[in-house]
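Me: Could you take a close look at the sheet in this model for me, and at the aromatic rings that go with it? I'd like one connected walk-through.

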Amino acid sequence: MSDRPMPSFTKSSPALVERFAAVLDGHPDVERRKMFGYPAAFVGGNMATGLFAESWIVRLPEGAIEAAKAAGAGTFEPMPGKPMKAFVVIPPGDVDDDDALRRWVEAGLAHARSMPRKK
C-alpha cells in the first residue's frame, strides 16, 4: 500500500454536470459512467470526454494534441506533475459556446470510436 495521500477532488458544479448530461443526450451510443468520481462518456470502453472539477476534458489522437493546445486547450493533470497526455482541457469559453463544445466532444467521440474496443 502506498504512503502517498490521496488527493481530494472538488466536485463539478451542478450547472456543469447538467450541461455535460444535456450535450451527451445527443449521443445515445455513449456509455456514461464515473471516472475519478466525475461524469464521463465512453465508447467501446474507451473514455472520450468527461468532467474534472470545473474542467471539461476530451481525449484526442496524439497528432491533434498540439493543435488543440494552440487553439487554447490546456494540459490535463488530475494530479500535479502527472499529465494525462491523451487528454486536453477544453477552453472555458468553448465550454460555454454550443457549437465549439460540440466540435470538441465530437472529436473526442470520433477518436474513441476509432480505438480498439476494450474487453
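Reply:
**The sheet and its aromatic rings**

Let's start inside the sheet: strand β4 (residues 55-59) pairs with strand β6 (residues 87-89) in the antiparallel sense, over three bridges. Here two strands pair if DSSP finds at least two bridges between them, and strands (E, at least two residues) and helices (H or I, at least four) are DSSP runs numbered from the N terminus. Within this pairing, Val58 stands opposite Val88 in β6.

A word on the source: this is a predicted model, in which local features need pLDDT of at least 70 and side-chain atom pairs count only at pLDDT 80 or more, while totals for chains, interfaces and linings use all residues. Residues are numbered from 1 along each chain as its sequence is written, and side-chain values use heavy atoms, with hydrogens and water left out.

Stepping back, six strands make up an open, antiparallel sheet in the order β1-β2-β3-β4-β6-β5. The edges are β1 (31-35) and β5 (74-75), each with a single partner strand, so one side of each has no neighbour in the sheet.

Two helices belong in this picture. Helix α1 (residues 14-24) lies across β1, β2 (38-43), β3 (46-52) and β4, and runs at about 35° to β4. Helix α4 (residues 98-114) packs on the sheet too, touching β2, β3, β4 and β6, with its direction at about 40° to that of β4. Contact means heavy atoms within 4.5 Å; axes are lines fitted to C-alpha atoms, for helices over the stretch in contact, and angles run from 0 to 180 degrees between N-to-C directions.

Now the rings. The whole structure holds five aromatic pairs (ring centres of Phe, Tyr or Trp, the last by its six-membered ring, within 6.5 Å; planes under 30 degrees apart are stacked, over 60 edge-to-face, the rest tilted). Phe52 is buried at 10% relative accessibility, whereas Phe36, at 37%, is partly exposed (buried is under 20% relative accessible area, exposed over 50%, partly exposed in between, with a 1.4 Å probe and protein chains only).

Phe52 also pairs with Phe76: their centres are 5.3 Å apart and their planes at 75°, so this pair is edge-to-face. Phe76 sits in the loop between β5 and β6, 24 residues from Phe52, and is buried at 2%. Ring pairs join Phe36, Tyr38, Phe52, Phe76 and Phe87 into a cluster.
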